[in-house]
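User: I would like to learn how to read a two-chain model. Can we go through it feature by feature?

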Amino acid sequence: MAETIIPTSPAQLRDAILWALGDKVALEIIGHGSKRAYGHAVRADYVLDLSKLTGILFYQPEELVISAYAGTPLAEITALLAQKHQQFQFEPGDFPRLLGGQRDGAVAGQAPAGTLGGMVATNISGPRRLKSGAARDHVLGFGAVSGRGEDFKSGGRVMKNVTGFDLSKLMAGSFGTLGVMHTLTLKAMPVPEKTRTVLVPCEDVVLAGQAMTAAMGSENEVSGAAWVPASMLAMISPDAAETGDVGSATSMVMLRIEGPEQSVDWRAAALCRLLDDIGSAMVLRTEKSLSVWQAIADVKPMQSRHDCILWRLSVPSSSGGAVVQALGRIEPNVDAMLDWAGGLVWAQFAAGSVEQAGKIRQIAVDAGGQACLVRAADDLRREIPVFQPLSSEINRINRKISENFDPHNILNPGRMTPGLAQGGVSGNQAVGA
Amino acid sequence: MLKMPEPDQSVLARRTDIIAAMRAIVPASGAVIAEEDALRPYECDGLMAYRQLPMIVVLPENTAQIAAILKYCHQNKIRVVPRGAGTGLSGGALPMADAITISMMKFNRVLDIDWDNRACVVQPGVTNLGITRAVEHRGFYYAPDPSSQIACSIGGNIAENSGGVHCLKYGLTTNNVLGLEMVTIEGDVLRLGGKALDSTGYDLMGVITGSEGLLGIVTEITVRILRKPETARAMLLGFPDNQSGGDCVAKIIANGIIPGGLEMMDAPAIRATEDFVHAGYPLDVESLLLVELDGPEIEVNHLIDRVSDIAQQCGAVYSRISENEEERALFWSGRKNAFPAIGRISPDYICMDGTIPRGRLSDVLAGMQVFSQRHGLRVANVFHAGDGNLHPLIMFDANQPGELERAEAFGADILKLCVEVGGCLSGEHGIGIEKRDLMPEMFTEDDMKHQERLKLAFDEDQLLNPGKVFPVLHGCGELKTLHARSVAEKFPDIPRF
């Protein structure tokens with residue numbers, strides 16, 4: 001069991017990294033450790049635990065900005081934002097539950113576990129991604145200590161800022177491999193007054209994709225568009241599951257609209273008319289809608305089977321339906337659900353293999369997208385790159401960035417790609433305990 | 001005056017060979033410009049106080065040519081200055097005497113409009129407004145709209161991460177770009193992002209956006225297009241002082257309303273624009289808000305009522321709501337012509353671009369009045385109030401000895417104040433050469449070294465757009481030195497388990 005170092009201030013964090021640099025020891029960086037099973041296993045001598053580097057530095061609702069130390073529980077931050085009717089617009093879902101990871105610091109059934117830093121380092125996002133972007137789009141600035149043991153910052157606390165390179169983008173989604181963030185400043189946005197969900201029964205996944213495309217292309221400012229198959233409906237919307245025409249649930253297209261009451265009612269009616277040919281719609285009001293979209297953000301139907309392989313395919317939205325059909329040709333019993341108007345395909349398989357992974361990746365690439373292995377047993381994650389492999393030209397730039405920020409490869413080595421994190425020493429060096 | 005890197009005489013000595021090499025790569029007639037008269041139009045961008053003739057200008061027309069040019073420049077250690085439409089206000093496209101200026105204006109085609117995925121693939125020389133023009137017949141538009149949108153290129157927008165008046169609700173360029181094709185200085189072609197939303201690996205597309213031509217040359221761009229809102233209505237709200245105007249902005253946002261546009265002008269800006277375009281602006285107010293609400297008509301009308309109430313509570317002394325599209329356009333015409341309006345009342349002006357936390361607006365405006373007296377120059381303010389981005393317009397006469405220097409010193413004072421209150425040097429115009437030497441106001445040595453380390457990962461020889469953004473270029477060796485310390489006792493203060 002690796003020894004754990006727990007800094008409680010940015011200065012202590014820097015000391016810890018300087019020490020690691022001096023002694024050439026590798027660090028695994030964790031917050032709550034809730035997303036530790038996402039990505040490759042890190043081979044490190046010590047664990048650098050940020051969960052005690054906590055505290056909100058400032059929150060100014062009228063400026064739409066919140067700043068906190070990276071180890072602050074996300075639950076604490078979302079609760080504070082909620083008091084002022086604000087939220088992170090990119091809607092981070094409950095990845096920890098999906099992964100079956102630790103849930104320290106969260107009350108079950110409430111806000112997602114994990115820390116602010118972990119949320120940004122993994123760049124997670126939920127259903128509103130199609131309208132409002134991911135975590136990367138909402139980070140205004142950060143402070144971090146790089147693998148060189150130097151404290152550096154970028155960005156700031158204002159909405160518009162082109163002062164120097166936008167290193168916030170580089171850090172978001174870098175899985176702690178370039179620097180350890182200690183301070184983060186993000187944009188908060190108002191919670192919409194009302195929410196409506198238009199549910200349209202639609203068994204055919206390709207037709208469902210077309211329905212979502214039509215809705216997104218309309219003037220109705222759709223902020224969530226998902227397709228949930230009949231088998232998963234009860235997990236997402238018990239109400240919808242009970243109203244199946246023939247006594248059993250049907251698959252559903254779900255469209256979310258948000259805004260002032262008059263507006264959401266008007267737009268819900270407009271969407272019902274638009275999709276009248278596909279099926280007769282029902283509309284959920286705010287409370288039920290919030291629960292539906294939380295369940296979609298959390299990928300609730302796929303939380304329970306931790307023994308199943310889970311893939312997340314990001315593809316051009318109009319191809320989502322066809323991608324689900326293609327996945328069905330690999331494995332007829334695949335469980336698949338669409339979010340982002342078809343641009344995000346969650347696919348769960350009872351078992352996995354290197355060969356199957358190759359086929360899944362090919363389907364994603366043929367559609368113009370990519371596939372990420374979100375959940376799999378350790379042995380499979382050693383054999384299959386978790387993240388979509390990149391071109392050699394892009395890898396070369398990524399490797400140089402990694403070398404320049406973390407020259408001795410002491411931060412989360414192997415987390416993103418085994419080859420990259422080994423500093424180019426080996427093409428595909430295996431990692432693992 | 002700002003110091004630029006010294007021209008490399010050994011490169012200048014090879015000028016004839018370089019011209020021949022460029023003509024071999026880009027054979028089209030007129031695509032390699034080497035005559036002084038023909039180079040003249042390229043001597044500056046929108047920051048016209050600084051001029052320098054480029055060594056040569058090349059106008060390639062496809063990605064393969066760019067790759068060949070950059071590969072040649074990399075092998076022969078020749079500096080490169082990328083250039084879009086030349087409308088930038090920070091001198092990001094200022095040429096160098098020993099550098100090739102690569103103009104992207106032949107990359108002017110819309111390649112693909114993908115209605116189903118709400119994406120548009122364009123070449124970088126297409127104008128910002130050109131994208132909207134290409135998609136508006138089906139009710140779509142491209143959201144970021146810098147005031148130069150009729151002329152500025154989308155490639156330049158990527159370089160500067162341009163904003164506009166709709167950023168608060170619809171985001172900046174970086175939030176509206178889905179994919180990029182770019183060429184590195186070594187001639188490699190990278191394809192980043194695309195019509196799928198997620199990518200893997202470091203977010204190179206995110207760091208290229210706003211990198212001011214220092215990391216590579218972008219050759220193709222996929223942007224997100226949006227369905228045009230059903231209705232938009234604008235309101236003019238006048239206040240007796242800047243404080244109450246600023247309070248109104250804060251209250252609108254604190255009430256959960258995110259307007260499509262939220263602009264503010266101070267008294268000098270109101271008067272200058274009204275004299276110029278006769279938009280019907282009230283002349284007896286000190287602060288004027290232009291609020292635009294967009295969406296379904298029923299929502300817009302509801303929000304107009306709410307904003308009217310908030311304005312009343314904040315002491316508005318003037319309120320007018322656009323009743324039709326002509327009137328809405330008229331309201332905007334004042335704001336959109338603020339720069340030329342100032343140009344009419346002053347021989348010259350410089351436009352600053354700091355961003356501040358909105359709550360500090362009246363402090364910053366008061367500070368500007370002090371600076372105005374200290375430097376003996378007038379200032380007018382237009383302000384993207386929703387996102388805190390200030391555009392103070394400092395008026396001066398370049399023909400009066402010392403006035404340009406005074407105007408620049410005035411501008412520097414304003415930007416330092418912006419940083420002091422928690423803001424930044426540039427909201428949307430970029431650092432370029434204009435604000436380069438102010439970077440240490442905001443960043444420490446270590447902050448800047450990490451930015452430069454990103455630069456080195458793309459361009460180790462620092463050939464792309466040298467002299468821009470960073471005041472002192474650290475040598476490669478200095479950036480790579482490690483200051484590790486081996487601590488004998490392992491940091492005793494830190495709790496460990």
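**Reading the model**

Analyst: Start with a distance. The C-alpha centres of domain 1 of chain B and domain 2 of chain B lie 23 Å apart; domain bounds come from an automatic or database domain assignment. The model is predicted: local features need pLDDT of at least 70, side-chain atom pairs count only at pLDDT 80 or more, and totals for chains, interfaces and linings use all residues. Residues are numbered from 1 along each chain as its sequence is written, while chains are lettered from A and ligands numbered from 1 in the order in which they are written.

User: Which domains does the assignment give for chain B?

Analyst: The assignment lists domain 1 (9–103), domain 2 (110–227), domain 3 (231–339) and domain 4 (346–434) of chain B.

User: How many residues of domain 1 of chain B are in contact with domain 2 of chain B?

Analyst: First the criterion: two residues are in contact if their C-beta atoms, placed from the backbone, lie within 7 Å. Here 15 residues of domain 1 of chain B touch 21 residues of domain 2 of chain B. On the domain 1 side, helix 4 (residues 63–76) of chain B gives the largest share, eight residues. Helices (H or I, at least four residues) and strands (E, at least two) are DSSP runs, numbered from the N terminus. By class, that side of domain 1 of chain B has eight nonpolar, six polar and one charged residue. Ala, Val, Leu, Ile, Met, Phe, Trp, Tyr, Cys and Pro count as nonpolar; Asp, Glu, Lys and Arg as charged; the others, Gly among them, as polar.

User: How many residues of chain A are in contact with chain B?

Analyst: Apply the contact criterion across chains. 85 residues of chain A meet 87 residues of chain B. Elements giving two or more residues to the chain A side include helix 1 (10–23), helix 7 (205–216) and helix 15 (392–405) of chain A. That side has 32 nonpolar, 31 polar and 22 charged residues.

User: What does the radius of gyration of chain B say?

Analyst: The radius is taken over C-alpha atoms, and the globule rule is 2.2 Å times the number of residues to the power 0.38. Chain B has 19 helices and 18 strands. Its radius of gyration is 24 Å, close to the 23 Å from the rule for 497 residues, so chain B is as compact as a globular protein of that length. For chain A, with 433 residues, the rule gives a value near 22 Å, and chain A has 22 Å, which agrees.

User: Which order do the strands of the three-strand open sheet in chain A follow?

Analyst: Pairing needs at least two DSSP bridges between two strands. The order in chain A is 1-3-2, with parallel pairing. Strand 1 and strand 2 (27–30) of chain A are the edges, each pairing on one side only. Four bridges join strand 2 of chain A to strand 3 (residues 46–49) of chain A. A:I30 has A:D49 of strand 3 as its bridge partner.

User: Is strand 11 of chain A largely enclosed or open?

Analyst: A residue is buried if 20 or more other C-beta atoms lie within 10 Å of its own, exposed if 12 or fewer, and partly exposed in between, with C-beta atoms placed from the backbone. Seven of the eight residues of strand 11 (residues 194–201) of chain A are buried, so strand 11 is largely enclosed by the rest of the structure. Strand 11 pairs antiparallel with strand 13 (residues 252–259) of chain A over eight bridges, where A:R196 stands opposite A:I257. Strand 11 also pairs antiparallel with strand 14 (residues 282–284) of chain A over three bridges, and A:V198 stands opposite A:V283 there.
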